[in-house]
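Hello,

Here is the structure I promised to pass on. Please open it alongside this note; my findings follow below.

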Amino acid sequence: MAKTVLTVDDSASIRQMVSFTLKSAGYEVVEAVDGMDGLDKAKSKAFNLVLTDQNMPRMDGLSLIKSLRAMPSFRTVPILMLTTESSDAMKSQGRAAGATGWLVKPFDPQKLIEVVKKVIG
């Protein structure tokens, strides 16, 4: 059975690129348009991995990570930040919130697949 990834980004083009990249590698992908949408989708389905942007309307990535980590079903699910933010301060906030790893946009599709395979197989 395919592993399922929740990708959360307010940019339709980024969601499409992530979706296309992961689906071509055999993963099932569910897209969410912002943190609130991502949280709603996370409550209705089990995911093997969450990929989230930081800067989004309604709920940002750090708030989404904190909300997911508060849910028993997401305590051990890997959560990767995929964002333009690359400062050490932002990365340490991400780690403190519970992020498993960090990828900077624009992303290399091959690198994304490598990281996802490393994290969830």
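**What was found**

P106 lies in the loop between strand 5 (101-104) and helix 5 (109-120). The model is a predicted one. P106 is joined to K105 by a cis peptide bond. Omega there is about -5°.

Another loop deserves a look. R58 sits between strand 3 (49-52) and helix 3, in the loop. Its phi is near 65°. That is a positive value, and R58 is not a glycine. Is R58 buried or exposed? R58 counts as exposed, because its relative accessibility is 62% and the cut-off for exposed is over 50%.

The largest nonpolar core holds 23 residues. L6, V8, V50, L68 and F74 have the most contacts inside it. Which elements give two or more residues to this core? On the strand side they are strand 1 (4-8), strand 2 (28-32) and strand 4 (79-83). The helices are helix 2 (35-44), helix 3 (61-69) and helix 4 (88-97). Helix 3 gives the largest share of this core, four residues.

Leaving out residues up to four places away in sequence, F74 touches A42, K45, F47, V50, L68 and R69. Two of these partners, V50 and L68, are also among the residues with the most contacts inside the core.

Best wishes

Conventions: Residues numbered from 1 in each chain as written. Predicted model: local features only at pLDDT ≥ 70, side-chain atom pairs only at ≥ 80, totals over all residues. Heavy atoms only, no water. Core = buried A, V, L, I, M, F, W, Y, C linked by side-chain atoms within 4.5 Å. Buried < 20%, exposed > 50% of the residue type's maximum accessible area, 1.4 Å probe, protein only. Contact = heavy atoms within 4.5 Å.
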